[in-house]
Each structure stands twice: as structure tokens, then as C-alpha cells.
Amino acid sequence: LHTAYRRQRQMCIRDRVKGIKMEIICFDMEGTLTPEIWEQVAYNTGIEDFNKTTRDIPSYSELMDFRLKVMSKHGLKLSDIQRASSQLDLLPGAEDFLLAIRENFQVVILSDTFHEIAKPLMKKMGFPLLLCHNFEVKDDKVISYKLRHEQAKKQAIQGFQSMGYRCFAAGDSYNDIQMFDVAEKGFFINAPVKISSQYPEIQSFDNYLDLENAFKENSLFVK
């Protein structure tokens with residue numbers, strides 16, 4: 001009975017979304033549209049350990065465990081990270097690029113950042129939908145962090161697809177491969193050669209115009 005119900009429900013969902021003509025672009029944030037927040041923390045504090053990103057430590061949970069240890073060692077607070085975030089601007093050309101993309105696609109930011117530090121950059125992007133993680137904070141001290149899911153980017157895209165949306169993805173690092181694995185098409189943007197060269201099957205761009213054209217070329221609805 002339950003199996004028959006699930007099958008019937010899936011058929012109803014497919015019928016309901018069959019006529020949807022909408023595509024979502026799922027972007028990584030740091031390194032893709034904005035500078036790295038933690039690199040700005042390194043610049044502000046002179047602590048080189050904060051320059052490490054997923055380009056250096058592919059496992060995001062391992063990277064965050066490392067960052068929190070460094071924060072605790074040097075007595076850094078949440079407000080120090082927020083200050084670094086507020087000092088950043090979008091990468092050159094990113095603002096106009098996003099405006100152009102929104103003419104034809106929905107935009108979602110799928111990032112391994114944290115809501116508590118991303119707001120200044122979200123404001124500069126016009127507050128697109130951001131799906132990311134949360135810190136656990138007490139008296140301005142970051143006690144821990146809560147990941148939405150070990151593969152939150154992949155899970156989000158699969159959720160959009162289950163509602164009938166086609167999804168494209170763009171990012172610059174190892175933790176974006178999970179998006180490329182399930183998206184209709186994925187692209188590197190601003191990725192270091194040491195990363196992009198490991199995945200020759202994934203197109204890699206170093207400018208937003210070529211990336212925008214790639215989205216349009218792979219779209220079923222944009223002419």
C-alpha cells in the first residue's frame with residue numbers, strides 16, 4: 001500500500017512540474033563570486049593558518065575543525081570574522097554578472113560559509129537565496145559549528161531537481177565537485193590549475209562572460 005502510494009505521489013509530482021520552464025544557477029560563493037573571508041582574517045591578524053581553504057584541505061569539516069582550533073589558540077571572536085567579511089567587496093565583474101544571469105535564470109548560493117558571517121556579502125549581491133551552515137556562538141565566541149549536511153550542495157540541487165528544476169552549477173574548488181556530479185552541467189570558475197587539471201571533463205573558465213555564455217548554450221529555454 002505504501003509503495004503504491006509513493007509511486008502515485010511521484011507521478012503526480014512529475015505531472016505537476018512537467019510544464020515548468022525554469023533553470024537555477026547554483027553558485028559557490030567564496031572564490032567564485034567573492035574573495036575568501038578567511039584569507040581576509042589572515043590579512044587582518046597576520047595568522048597565516050587562516051589562508052588555508054578547501055583548495056588546501058578538501059574535507060570541509062576538517063578545515064573548520066582546524067580553523068576553530070586556530071581561533072581558540074589566538075583568542076579570536078565571531079566579531080573578528082564578521083569584521084573581515086564586512087571589509088570585502090565582490091570579485092571584479094561579479095555584480096554585473098549576477099544582474100545579467102538573473103535576467104534568464106534563478107540564482108542560488110550554495111556555500112560552505114556561515115549565515116553569521118555572510119550577510120555583508122549577501123547585501124552586495126542583492127540578497128540571493130543563501131543555503132549554508134551555522135555557528136554555535138556564546139558571548140561572541142564560536143563554540144562549534146553545525147553543517148546542514150556533509151554534502152549539502154549536492155543535496156540542495158537534488159531537491160531542486162525533484163521539483164522539476166534544471167540546475168547548473170559553478171564553483172572553484174574540491175567541495176564543488178559534489179554539485180557538478182548531479183547538476184545538468186557544472187563549470188569551474190576561477191579554479192586553480194592544480195584543481196581544474198584533475199577534472200579535465202569539467203569546463204573551466206577564468207572570466208564571467210564565458211561562464212554566462214556557457215550557461216546560455218546549455219539552457220533549454222534561453223535563446
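Let's start at one residue. Leaving aside neighbours within four places in sequence, arginine 148 is in contact with His115, Cys132, His133 and Asn134. Keep in mind that this is a predicted model.

Where does arginine 148 sit? It lies in the loop between β4, residues 141-146, and α7, residues 152-162. Is arginine 148 buried or exposed? Exposed: its relative accessible area is 53%, and the cut-off for that class is over 50%. There is also a C-alpha distance to report. Arginine 148 and leucine 131 are 17 residues apart along the chain. Their C-alpha atoms are separated by 8.8 Å.

Threonine 34 has a relative accessible area of 0%, so it is buried. What does threonine 34 touch, once residues up to four places away in sequence are not counted? The list is Met29, Leu90, Leu91, Leu121 and Met125.

Next, a helix pair. Two packed helices are described by the angle between their axes and the distance between the axes. Here the pair is α5, residues 94-101, and α10, residues 208-218. The angle is about 15 degrees. The axes are 10 Å apart. Why call α5 and α10 roughly parallel? Because angles under 35 degrees count as roughly parallel, and this pair packs at about 15 degrees. The crossing of α5 and α10 is right-handed.

Which residues make that contact? From α5, they are Ala94, Phe97, Ala100 and Ile101. From α10, they are Tyr208, Leu211, Glu212 and Phe215. By class, the contact of α5 with α10 has seven nonpolar residues, no polar ones and one charged.

Let's step back to the whole protein. The secondary structure comes to ten helices and seven strands. The radius of gyration is 19 Å. For 223 residues the globule rule gives 17 Å, which is close, so the protein is as compact as a globular protein of that length. Along the principal axes, the C-alpha atoms fill a box of roughly 55 × 45 × 35 Å.

Two percentages to finish. Of the 223 residues, 46% count as buried, and threonine 34 is one of the buried residues. Then the contacts. Take those in the protein with a separation of 6 or more: residues 24 or more positions apart account for 60% of them.

Key
Residues numbered from 1 in each chain as written. Predicted model: local features only at pLDDT ≥ 70, side-chain atom pairs only at ≥ 80, totals over all residues. Heavy atoms only, no water. Axes fitted to C-alpha atoms, helices over the stretch in contact; angles between N-to-C directions. Helix = DSSP H or I, 4+ residues; strand = E, 2+ residues; numbered from the N terminus. Left-handed = near helix turned anticlockwise from the far one by under 90°. Contact = heavy atoms within 4.5 Å. Nonpolar A, V, L, I, M, F, W, Y, C, P; charged D, E, K, R; others polar. Rg over C-alpha atoms; globule rule 2.2 N^0.38 Å. Buried < 20%, exposed > 50% of the residue type's maximum accessible area, 1.4 Å probe, protein only.
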